[in-house]
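Walk me through the packing in this protein chain.

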Amino acid sequence: MPIPIPYTRAGVFYNRIRDYMTTYFTGNYLDFHPEYNETNYMGAWKFANPPDMIYSFKNIGKAEITGFQASVEQKFGDYWKGKLGYVWLHAVNKSDPDMPRQLLDKPQHKIDIGISYDNVKSGWSGSIWGDYYINMLDSNSVAGNGNYISSWGVDTDGDGDVGLNDGSHIELKEGGKPSYTKKTFGIWNIIIQKRIDKDFLVYFGVDNLFNHRDYDRALQERVYKMGFNMKFGYDGHKKEESKKAVVTSVVAGGQGTGVAGNDGNAVVNEHGNIVAGGTTSAAAEQRVQRDPFITAPFDIDKKPGVELIGDYQARWNVHGGSDKPVATVTATTHVGDAAKNMLDQKGHGFEQRLRLGFDARIGDNMNVTVLGSAAGMSGVDTKHDVSDSKGLNHQRLDTIDVTQHANKWGFSIGRLTETMGVTGYWFGKEYDGGRAVWTSGRNQVRLGYGDFSSTTGINDSAYTHATRQTFYRAPTVEEFAGIHYGATGMAEGEAIVPEAPDTINFLQQLKNASTPEEKLAIVKHMHELAEQAYGGKVIDTDWSGEYSVIGPKLSYTYKDALGKTQTDTVNMGSKVNYNDSILLEGPSGMKKWYDNNSNDIYARYQQEAQEQSQKNGGTFIGWKVGSADAVKSAVYNGMVSSAYGEYSLGYDYYDLDNIKYIKGVPDVALRYFETIVSNLQTSHDQQSQLPREALGNATSLVVKVTGTVLQKDTIPAIERAAYIQAKHSFSPDFGVMAWYLRSTGDDNHSFAAAHGDTNDIASFDQLANVFGVGAQWHVGDKALVSLDYGQNRTDFGRYMNGHTIYENHEAGNSTFDFGGRAAGGTPHFWVARVDIGKSDTDKPGSWNAFADYKYFQHGSFFGGNGTEGVPDRYLDGIKSFTVGGGYVPAKDILLEAFYTFDAKGIGKRDTLYGSENFSLGDYTRIQATFRF
């Protein structure tokens with residue numbers, strides 16, 4: 001096979017520019033913390049508060065750009081092609097002496113390399129390509145580390161030593177003339193594409209494949225991208241084709257499947273419109289599926305009998321939270337049931353659902369559908385984002401639908417599934433009540449009334465609000481110890497908690513104790529709680545060392561070099577790990593410890609005495625006290641005297657002339673107390689001075705406070721409501737609808753909002769007064785565009801769509817007063833969705849894909865969404881995108897995947913430190929359904 005001739009092209013170019021604009025570094029800085037400088041030790045922290053480099057635009061006048069470029073393309077076989085390109089560039093500054101001769105951001109050489117694959121028959125194609133930039137002056141990288149700060153280890157005061165007086169060092173001085181770094185780098189990218197048909201293509205790609213990073217140029221790190229390209233519009237030749245119209249079975253609705261074809265009187269085209277035959281009866285009209293937008297609730301072609309129905313679904317949900325390291329409490333504030341929102345922890349879970357039931361046709365005009373389910377969580381699946389149970393331990397009656405057909409009417413009663421709007425995003429679940437549906441031609445009206453409480457109500461809202469409450473919280477380290485420590489870390493008095501139990505305020509307990517034994521027991525209890533809070537190694541012995549048990553001085557005799565008997569003394573100590581509290585048991589604890597260590601302690605006494613004797617040129621003879629047992633007994637008594645001798649524990653050094661003490665504290669209790677407190681302060685919870693959750697787990701929530709409590713918002717369930725929906729198809733491809741739902745007989749619902757030292761209470765007895773409109777447009781044979789818009793025009797909706805009022809609040813700090821809650825505007829929602837294809841469990845190989853954008857203001861939505869891809873939490877006051885798709889690998893098996901991203905709160909929510917804009921982590925759902 002002959003090798004194809006490569007395609008080659010080359011060219012030269014020359015450009016002369018009179019007014020060339022460039023960005024450049026001015027050599028100046030915008031310093032927000034000038035007090036951190038080279039003259040003081042705070043400059044060592046300059047790296048945490050660096051100045052901004054000031055850039056500007058500049059007309060350098062004349063410039064010339066001369067170059068040569070060439071490229072060659074070569075085919076390899078039927079599908080592969082390679083490309084190589086080269087550019088030489090001579091880009092020079094001709095007039096500005098303050099700027100480099102080489103123009104900024106213009107490489108001297110550029111090399112392009114690429115390989116591509118294209119198989120038209122299979123529909124697969126792809127490319128991988130790289131661009132190399134050689135010898136480019138980077139306008140964002142100043143040479144000589146001019147845009148870097150050196151901190152620590154820099155002798156900035158010139159005394160020849162690095163010490164506390166040394167600060168930071170900025171390489172380029174203010175106003176200096178900068179020079180720029182010359183760089184060479186390459187960026188590689190890849191993309192893979194699959195053409196499904198002539199109008200539809202999907203792709204997956206990676207930009208910056210090898211994740212080249214350059215912080216100076218702010219290059220984007222590796223990016224994964226996926227998507228589809230779709231072409232749609234009028235395609236004339238397909239309009240002449242004629243097909244049968246199929247009504248797809250809906251298990252929950254009990255509609256069945258029917259095919260309309262030639263019956264001697266009526267013939268239907270691909271859209272189900274009657275194109276031949278004379279007049280039609282109501283029954284014949286009912287048999288014809290006019291278009292997918294108008295669906296009758298009763299299939300009169302269905303044969304009498306009973307059919308068992310059901311499915312099994314396995315689902316995997318993943319919530320990609322941010323795992324915020326947020327404190328859940330301060331001294332006067334507490335995160336109540338809003339902790340999930342504040343922490344935003346990642347989560348995932350598996351769940352399954354089994355549904356069984358029957359679909360029965362009774363006579364010609366009645367149909368009964370009953371469907372029950374077993375799942376891991378109670379209630380509808382939209383109420384939770386990640387299931388806590390993998391079992392089938394909760395049972396529920398999903399559907400009981402008794403429908404009576406009468407001419408153009410269908411009357412239903414039971415637990416009915418109803419889709420509000422075109423998409424069903426606002427509501428797509430069940431309610432308990434009745435429904436009447438009138439269908440005629442291209443028009444349909446649906447009326448219903450019932451109880452929606454089983455599927456509505458949002459108890460997992462991502463929104464929070466501040467209230468004023470009395471609550472119990474965990475102690476701070478100071479409250480745990482009972483000592484207040486000043487800015488220098490010095491004890492400056494007591495930190496007394498009123499009515500404190502025996503799990504905190506240990507200093508005060510020591511003050512009230514009358515005997516050394518009581519004080520030992522108090523510190524032992526303190527040690528046990530600290531261990532319970534932080535595990536068995538509450539004390540960092542690398543920092544704190546160990547408790548020294550001091551032994552007594554014992555006399556021994558030895559013979560010196562002249563043979564004379566001499567006397568000397570030796571004393572030895574031992575160490576006890578502060579994480580071991582045995583010595584706090586008193587002399588009995590000392591006895592246990594000493595019995596386990598006496599031989600080792602005696603051996604060290606013996607060794608020390610012998611070594612001292614040898615240093616004095618003599619030989620060890622023996623101990624004054626006598627035998628080894630006598631030595632051990634003397635050492636034990638001395639250690640008991642040392643460890644349990646009484647000393648004073650200082651707790652207030654604010655006035656050095658009047659230091660306050662607790663007297664009569666055994667030495668071991670005093671040392672343990674001080675070590676426990678210092679380690680709690682410095683070795684745990686990032687040295688937090690706030691209430692410690694870990695301590696609270698050990699002490700219980702024992703500090704009574706009246707303050708601010710964050711609570712998650714709750715959207716009440718709609719108890720009873722009436723609705724009407726009206727649809728009209730203008731053509732087989734385009735339909736519109738309007739709908740209205742109003743709650744009736746609502747209970748009075750009250751909501752509290754913090755205002756100063758009290759709460760404002762708002763009450764509402766009308767929850768829902770919702771108007772909605774929608775439209776649906778079939779684009780070609782495969783694409784469907786759906787739109788929904790609506791409003792909840794109630795005071796309750798406007799209240800939830802409002803915000804907390806912050807008084808005396810300055811930007812940049814977290815000090816403020818609450819001023820109640822201000823109502824917002826009428827909350828609205830809208831949805832835009834594009835569908836391509838259709839997954840049909842009766843057709844192996846069928847598939848669908850969709851993308852949507854959802855915008856639901858807080859207060860416009862009540863739960864029970866029909867998206868299938870996200871829980872209610874991701875619609876309440878949230879805007880987001882979702883992409884998803886399904887595939888039928890075999891008959892009765894449907895595989896689906898949904899990915900929701902860029903989920904952001906439309907309004908703000910309260911935190912411990914003021915209001916915040918927030919986002920929810922990406923949400924992924926993968927599920928497989930087997931129908932039987």
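Serine 71 is buried, because its relative accessible area is 14% (buried means under 20%, exposed over 50%, partly exposed in between, with a 1.4 Å probe and protein chains only). Serine 71 belongs to strand 2, residues 52–76 (strands are DSSP runs of E, at least two residues, numbered from the N terminus). Leaving out residues up to four places away in sequence, Serine 71 touches Tyr7, Thr8, Arg9, Leu84 and Gly85 (contact means heavy atoms within 4.5 Å).

This is a predicted model, where local features need pLDDT of at least 70, side-chain atom pairs count only at pLDDT 80 or more, and totals for chains, interfaces and linings use all residues. Residues are numbered from 1 along each chain as its sequence is written, and side-chain values use heavy atoms, without hydrogens and water.

Now the rings. The whole structure holds 47 aromatic pairs (rings of Phe, Tyr and Trp, the last by its six-membered ring, with centres within 6.5 Å; planes under 30 degrees apart are stacked, over 60 edge-to-face, the rest tilted). Tyrosine 463 and phenylalanine 918 have ring centres 5.0 Å apart and planes at 85°, so they pair edge-to-face. They sit 455 residues apart in the chain. Both tyrosine 463 and phenylalanine 918 are buried. Tryptophan 830 and tyrosine 855 are stacked, because their planes meet at 25°, with centres 6.3 Å apart. Tryptophan 830 is in strand 42 and tyrosine 855 in strand 43.

Arginine 909 lies over the face of phenylalanine 918, 4.1 Å from the ring centre (NZ of Lys or CZ of Arg within 6 Å of the centre and within 35 degrees of the ring normal). The charged end of lysine 58 sits over tyrosine 24, 5.1 Å from its ring centre.

Conventions:
Helices (H or I, at least four residues) and strands (E, at least two) are DSSP runs, numbered from the N terminus.
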